[in-house]
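Here is a short walk through one protein chain. Keep the sequence and the 3D view side by side as you read.

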Amino acid sequence: IAALVFPCGGIAPVRAAEPNSRRPTFENVSYGPHERNVLDFFQAESPQPTPVLVFIHGGGFVQGDKSGIHKNAAVRKALDAGVSFATINYRFRDQA
């Protein structure tokens, strides 16, 4: 069993401009020391804890970022199914 812990003290949730918008609940939350170590978290509506699906963008550790998934239907489908969704950026090979 894997778990992600989001220490969100002092981080305000991002508010969507419209109800159907797929804006993250928390945006660009740091999870490591590198500037690219950030994630976006979309919290499913539920009175209890939910599972989390973590999306890691392609790019072979040399290119890409998390921003493209926000428009993808997978986010909405996961949230509609009661599954929270996170997407991350990571440092590239030449930055390791």
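Start with the fold. This is a predicted model. Along the sequence, the elements follow the pattern β-β-β-α-β. Of the 96 residues in the protein chain, 28% are buried. The accessible surface comes to about 6,500 Å². Carbon and sulfur atoms account for 52% of that surface. Take the contacts between residues at least 6 apart in sequence: 61% of them join residues at least 24 apart.

Next, the interior. In soluble globular proteins, nonpolar side chains tend to be buried together. Here the largest nonpolar core has eight residues: Phe-26, Val-29, Leu-39, Phe-41, Ala-86, Ile-88, Tyr-90 and Phe-92. Strand E1 (26-30), strand E2 and strand E4 (84-88) each give two or more residues to this core.

Now look at Val-38. This residue is in strand E2, which covers residues 38-42. Is Val-38 buried or exposed? Its relative accessible area is 13%, which is under the 20% limit, so Val-38 counts as buried. Not counting residues up to four places away in sequence, Val-38 touches Asn-28, Val-29, Ser-30, Tyr-31, Lys-66, Thr-87, Ile-88 and Asn-89. Asn-28 is ten residues from Val-38 in sequence, and their C-alpha atoms are 5.0 Å apart.

Asn-28 itself deserves a stop. The residue lies in strand E1. Its relative accessibility is 45%, so Asn-28 counts as partly exposed. Its backbone stands out too. Most residues other than glycine have a negative phi. Asn-28 has a positive phi, near 55°. Phe-61 also has a positive phi, near 60°. Phe-61 is found in the loop between E3 and H1. With a relative accessible area of 46%, Phe-61 is partly exposed.

The loop between E3 and H1 also holds His-57. His-57 has a relative accessible area of 6%, so it is buried. Which residues does His-57 contact, leaving aside its neighbours within four places in sequence? They are Arg-36, Gln-63, Gly-64, Asp-65, Lys-66, Ile-88, Asn-89 and Tyr-90.

Follow that loop on to Asn-72, which also lies between E3 and H1. Asn-72 caps the N-terminal end of helix H1 (residues 73-80). A side-chain oxygen of Asn-72 lies 2.7 Å from the backbone nitrogen of Ala-74. At 36% relative accessibility, Asn-72 is partly exposed. Arg-22 is 50 residues from Asn-72 along the chain, with the two C-alpha atoms separated by 8.8 Å. Just after H1, Gly-82 takes a positive phi of about 85°.

Turn to charge. Side chains of opposite charge can pair when their charged atoms come close. How many salt bridges does a search of the whole structure find? The search finds three. One joins Lys-66 to Asp-40, with the closest N and O atoms 3.0 Å apart. This pair links distant parts of the chain: Lys-66 is in the loop between E3 and H1, Asp-40 is in strand E2, and 26 residues separate them. Both Lys-66 and Asp-40 are buried.

Another salt bridge joins Arg-23 and Glu-27, with the closest N and O atoms 3.1 Å apart. Arg-23 is partly exposed, at 39% relative accessibility. Glu-27 is partly exposed as well, with a relative accessible area of 28%. Asp-80 and Arg-76 also meet in a salt bridge, at 3.6 Å from N to O. Both lie in helix H1, four residues apart, about one turn of the helix. Asp-80 counts as exposed, at 61% relative accessibility. Arg-76 is partly exposed, at 35%.

Val-52, Val-54 and Ile-56 make a nonpolar surface patch of about 220 Å². Val-54 sits in strand E3, residues 52-56. With a relative accessible area of 36%, Val-54 is partly exposed.

Definitions and conventions. Residues numbered from 1 in each chain as written. Predicted model: local features only at pLDDT ≥ 70, side-chain atom pairs only at ≥ 80, totals over all residues. Heavy atoms only, no water. Patch = residues over 30% accessible without salt bridge, like charges linked within 9 Å, V, L, I, M, F, W, Y side chains within 5 Å. Areas by Shrake-Rupley, 256 points an atom, 1.4 Å probe, with all protein chains shown as cover. Salt bridge = Lys/Arg side-chain N within 4 Å of Asp/Glu carboxyl O. Buried < 20%, exposed > 50% of the residue type's maximum accessible area, 1.4 Å probe, protein only. Contact = heavy atoms within 4.5 Å. Core = buried A, V, L, I, M, F, W, Y, C linked by side-chain atoms within 4.5 Å. Polar contact = N/O pair within 3.5 Å; in protein donor to acceptor, adjacent residues only side chain to side chain.
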